[in-house]
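Please look over the chain shown here before reading the briefing on its fold and helix packing.

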Amino acid sequence: PTIYHIFAETVPAEQRTRAFSYLAAAGSIGQTVAAIVSPHFSWEVPFYVFGALGMYWCIVWMRYGEDVKPSLIADQPLLCKQ
């Protein structure tokens with residue numbers, strides 16, 4: 001769920017559809033690759049490899065990612081006035 005907030009706050013509106021499409025495609029490709037590669041090793045190898053990739057991605061994100069400020073309820077437009 002967090003990725004949707006990040007995309008909503010950081011990706012320009014005219015590029016959001018493409019960004020979500022890439023996100024969905026990358027998830028499917030990643031699952032397919034993991035399903036093909038993982039059965040050929042003992043459980044420890046994929047566990048540590050994918051864990052290391054996740055840690056690497058976190059470091060890259062913290063280094064180069066944009067700070068996303070949490071949106072406040074007061075900043076959101078109201079659907080109806082009371």
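A crossing of two helices is called left-handed if the near helix is turned anticlockwise from the far one by less than a right angle, and right-handed if clockwise. By that convention, helix 1 passes helix 2 in a right-handed crossing. The model is predicted, with local features needing pLDDT of at least 70 and side-chain atom pairs counting only at pLDDT 80 or more, while totals for chains, interfaces and linings use all residues. Residues are numbered from 1 along each chain as its sequence is written, and side-chain values use heavy atoms, without hydrogens and water.

**Fold**
- The chain holds three helices and zero strands (DSSP runs of H or I with at least four residues, and of E with at least two, numbered from the N terminus).

**Helix packing**
- The axes of helix 1 (residues 2-10) and helix 2 (residues 16-37) come within 10 Å and cross at roughly 150° (lines fitted to C-alpha atoms over the stretch in contact, with angles from 0 to 180 degrees between N-to-C directions).
- Ile3, Tyr4, Phe7 and Ala8 of helix 1 meet Arg16, Ala19, Phe20 and Leu23 of helix 2 (heavy atoms within 4.5 Å).

**Burial**
- Of the 82 residues in the chain, 7% count as buried (under 20% relative accessible area, 1.4 Å probe, protein chains only).

Notes
Buried means under 20% relative accessible area, exposed over 50%, partly exposed in between (1.4 Å probe, protein chains only).
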